Amino acid sequence: MSLSVEPTTACNLRCPECPSGLRSFTRPTGMLDPNRLAALLSGPEGLARDLVYLNLYFQGEPYLHQGMDDLVAIGKREGLYVSTSTNAHHITPERADRIVASGIDRLIISIDGADQEAYASYRVGGNLEKVLDSTRYVLEARRRAGARHPHIVWQFLVVGPNEHQLPRMRAMASQWGVDEFVVKTAQIDDPHDGHPLLTGDPRLRRYDRDPSGRWTLRNPMHDRCWRMWQGAVVTWDGRVVPCCFDKDAAHDMGQAADGAGFREIWSGAAYHRFREAVFSDRSGIEMCRNCTEGTEVWA
């Protein structure tokens, strides 16, 4: 039903739990060729006939891609609901007009603090004023165009240094007139006592101590995952991976040049083996051990 396609792995920020920010990828950095996206979606074997939702995001900052609005337009021509997620540092008034004109349905803006100090505690190298300016530019562009899209979401990644600002952020979202405010808990690769990103409020984190004192995910690990049938991810250079937790494409199912190639991979032996592993021993798959599936229970 859904497909995430990565516009780029490049990013302007240095967020401490993100491989783009840490520059820790083993896979190459690059930009998605619009022709690759069109080949995946369009034509008699194109994926668009089976899809509802296209997410133009995986890793990196999508609006570093100068052709991002063209990528959106490809999805919209195929009748898909199209979204992306941005740190909003590359949206000018002129680009805001193009974003609205592209027809994108959902624009998620990461805004992780009500002041610069709290914001930059996670968005290292970021500028909160730029995020607020970009929000205003898109809201004004939408108003000028008389459009109802994009649906503008402020997404608040809650961590230790900013958790006290959650009520203030809710109030700001209402004052600014964004369409939705979403609270997202942080993925932490090595949670431990004293970790600066762990929140004091247990409802705002994914982890708790187990009886032995070790920090683990709060939810039990079940040998199932609906995402293995609901969708997939395609990297900027055409690799098919099972889900958005495979950030470095460790579980590369194959290279998809077009829709027919993707269908072959989707029904192929490698994908079948991976799904069987999820059913039999999901905790044995490293990326699954820190998965959010089933943990986002409070907002």
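The structure is a predicted model, in which local features require pLDDT of at least 70 and side-chain atom pairs count only at pLDDT 80 or more, while totals for chains, interfaces and linings use all residues. Residues are numbered from 1 along each chain as its sequence is written, and side-chain values use heavy atoms, with hydrogens and water left out. Helices (H or I, at least four residues) and strands (E, at least two) are DSSP runs numbered from the N terminus.

On this basis, α3 (68-77) and helix α4 (residues 93-102) pack at an angle of about 10°, with their axes 9 Å apart. The two helices α3 and α4 are therefore roughly parallel, a class that comprises angles under 35 degrees, as against over 145 for roughly antiparallel, 65 to 115 for roughly perpendicular and the rest for oblique. The crossing of α3 past α4 is right-handed; a crossing is so named if the near helix is turned clockwise from the far one by less than a right angle, and left-handed if anticlockwise. On the α3 side, the contact (heavy atoms within 4.5 Å) is made by Met68, Asp69, Val72, Ala73 and Lys76, and on the α4 side by Arg95, Arg98, Ile99 and Ser102.

Pro34, Leu37, Ala38 and Leu41 of α2 meet Leu71, Ile74 and Gly75 of α3.

Burial was assigned from relative accessible area (buried under 20%, exposed over 50%, partly exposed in between; 1.4 Å probe, protein chains only). In helix α2 (residues 34-41), the buried residues are Leu37, Leu40 and Leu41. Viewed down the axis of α2, these residues fall within an arc of 85° and so line one face of the helix, the arc being that of the directions from the helix axis to the C-beta atoms. Their cover includes β1 (2-5), β2 (53-55), α3, β9 (231-234) and α9 (259-266). In α3, the buried residues are Met68, Asp69, Leu71, Val72, Ile74 and Gly75, and what covers them includes α2, β2, β3 (81-86) and α4.

Aspartate 33 caps the N-terminal end of α2, with a side-chain oxygen 2.8 Å from the backbone nitrogen of asparagine 35. Just after α2, glycine 43 takes a positive phi of about 85°, and just after α3, glycine 79 takes a positive phi of about 80°.

Positive phi values also occur at two residues that are not glycine. Arginine 23, in the loop between α1 and α2, has a phi of about 55° and is partly exposed, with a relative accessible area of 41%. Alanine 88, in the loop between β3 and α4, has a phi of about 65° and is buried, with a relative accessible area of 0%. A cis peptide bond, with omega near -5°, links histidine 149 to proline 150; proline 150 is located in the loop between α6 (128-145) and β5.

Asparagine 162, in the loop between β5 (151-158) and α7 (166-176), has a relative accessible area of 0%. Its side chain reaches the backbone oxygen of aspartate 112 at 2.8 Å. Excluding residues up to four places away in sequence, asparagine 162 touches Asp112, Ala118, Phe156 and Leu157.

Threonine 235, in the loop between β9 and β10 (239-241), is likewise buried, with a relative accessible area of 0%. The side chain of threonine 235 makes a polar contact with that of aspartate 237 at 2.6 Å; such a contact is a pair of N or O atoms within 3.5 Å, where within protein one must be able to donate a hydrogen and the other to accept it, and residues adjacent in sequence count only if both atoms are side-chain atoms. Beyond its neighbours within four places in sequence, threonine 235 is in contact with Glu6, Arg27 and Phe58.

Glycine 21, in helix α1 (residues 19-22), is buried at a relative accessible area of 3%. Leaving out residues up to four places away in sequence, glycine 21 touches Leu13, Arg14 and Cys15.

Technical notes: Axes fitted to C-alpha atoms, helices over the stretch in contact; angles between N-to-C directions.
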